[in-house]
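Biologist: Could you walk me through the salt bridges here, slowly, since I am new to this one?
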Amino acid sequence: MDQDHHHPLVGALRRQLADGGLSRRAFLRQATLLGLAPAAAYAMAGLGTAPASEAAAGGLRGGRLTLGMRIQPVSDPHALDWLPAANLVHQVCQPLTWTGFDNVTRPRLLSSWSVSPDLRSWDLFLRRDVTWHSGRAFTSDDVIWNLRRLLDPATGSSALGMMQSYLLVDEPCQGCNGPALWDAAAIEKVDDFHLRLNLKRPQVAVPEHLFHYTNVMLDPDEGGRFGVGANGTGPFALTELSVGEGAVLRAQHGHSAFAACLDELRLIDLGDDPNAAAAALVSRQVDGLDRCDYAVAESLAENPDFEMHRTTTTATALLQMKVDVPPFDDVRVRRAMRLALDPAAITRLALRGFGVPAEHHLVSPAHPDYAELPPMGRDLEEARRLLAAAGHPDGIDIRISCKTWPAWELSAVQAMAEQYAEAGIRAAIDVMPAARFWEVWDKVPLAFVEWAPRPLGFMLLGLTVRSGGAWNTTGFSDASIDALLAEAEATLDPAARRPLLRQVQARMQEAGPMVQPSWLSVVTVMSKRVKGFRLHPTTLLSAGDYAVAS
């Protein structure tokens, strides 16, 4: 059931709202995380009627939608490492929750959730009208199997980096078969449509973790495998798949609780060349793109047949340094790599108005718990001094791995290389197709890696720099950051989290394993015949809600 209005944490939030200590939007986000229904939260905040979680297709039904999108391997959705593959999977298999365009997290396969005042006991209630395409009811046993698989290190899911701190033992379990839960009742079945997560430590972001793009519910009978004919709960079934070429999904009319407006969704892989994407749109080979290069959006901005969709996000790209590989094993070199750059200039050159400068600490001004620090500007003299102090008076030679798409990434790396040269950092660039890049991004010493948006300031940090995290590919470990992140995750009030993140942000600027020049907007182009589309910050599609006008 939804949290009632008398939950002590909701009551505290209402008092903060009334006293002016909490904005209406902040109240909305926090109250819904606690399980308050969005309609009630909007009413309490004085924001009127809660918007629909998806856009509306205007009552249109039927037809085929063809989109351009990279078609990547999808054999194990729990272990995916980028969004195009997840976009295909999410049309068939779904997460328990969905963070909407208003940054409010809502139930999807859940009907509601509730949480104890200490944020350690989360009750998850399933919808009773959801069935698998095969006709079998979707139950707590399905959820428990999926959560255990996501938490099993053998799966290799990035969800582990988010959830291990509160559901698993602190130390790696030698010889364990499956996830090393901190307690046998950590994931508890209450009945067929109700389960409870009993956490080792408080965690405010559980509903948002459940939306992480790897966390779809797979049919346990299929053992975690996904492909043509895979069972799901979503509005479509996958009927054709050819990696690097295309895919076809057919609507499951009458076999899903999530009705599709379309009859068919066809996806075509147009490769990395922006010109090919633009040509496919103009020739009507495709009706739109899941995401497009900024040059494509600019070239079609004045075309009356198309509409450009743009969303400001907390997506970013990081120049990631493996801290066990010289010269990045020296904290002075890592700080020099940051001081040698002017993020504002790189953002202006590479993103052309589609982004804002970052500050090398992975927390965005758009995050509710962001703490403003003194500007960390470019300081070539200090960068050279640090390199010399680290034993490199003549500078260093580095090689940056990056991909060809989206094109702004190569533009950013080229701008960085030019600026680095002025500090005595001689940068070679290893450019590769996206498919090849995703095979090596976590293995090379220095890679420029794009990261999807996260709604809270501590979430990307938890994924990428927490000691031992599944996606901590740099090998970085800092006990003070780990402790601060754990405390931030247990703190509901963003104002109370802010001093904690201030310390994390400062430590990242000093010693962190990343260079972060920019926060970016995502854009795409759709034919005006496509109805019901709205660009999600993650670029995840909700194709069941789209339609195509004749």
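Modeller: A salt bridge is a side-chain nitrogen of Lys or Arg within 4 Å of a carboxyl oxygen of Asp or Glu. This is a predicted model, where local features need pLDDT of at least 70, side-chain atom pairs count only at pLDDT 80 or more, and totals for chains, interfaces and linings use all residues. Residues are numbered from 1 along each chain as its sequence is written, and side-chain values use heavy atoms, with hydrogens and water left out.

Biologist: How many salt bridges are found in the whole structure?
Modeller: The search finds 31 of them.

Biologist: OK, and what does Asp-369 pair with?
Modeller: Asp-369 forms a salt bridge with Arg-497, with 2.8 Å between the closest N and O atoms. Asp-369 sits in the loop between strand E13 (355-357) and helix H12 (380-389), while Arg-497 belongs to helix H17 (residues 494-511), 128 residues apart; helices (H or I, at least four residues) and strands (E, at least two) are DSSP runs, numbered from the N terminus.

Biologist: Is Asp-369 buried or exposed?
Modeller: Asp-369 is buried, at a relative accessible area of 0%, and Arg-497 is buried too, at 2%. Buried means under 20% relative accessible area, exposed over 50%, and partly exposed in between (1.4 Å probe, protein chains only).

Biologist: Switching topic, which residue meets Asp-123?
Modeller: Arg-196 does, in a salt bridge of 2.8 Å, N to O. Asp-123 lies in strand E5 (residues 121-126) and Arg-196 in strand E7 (residues 194-198), so this pair ties together parts 73 residues apart in sequence. Asp-123 is buried at 11%, whereas Arg-196 is partly exposed at 22%.
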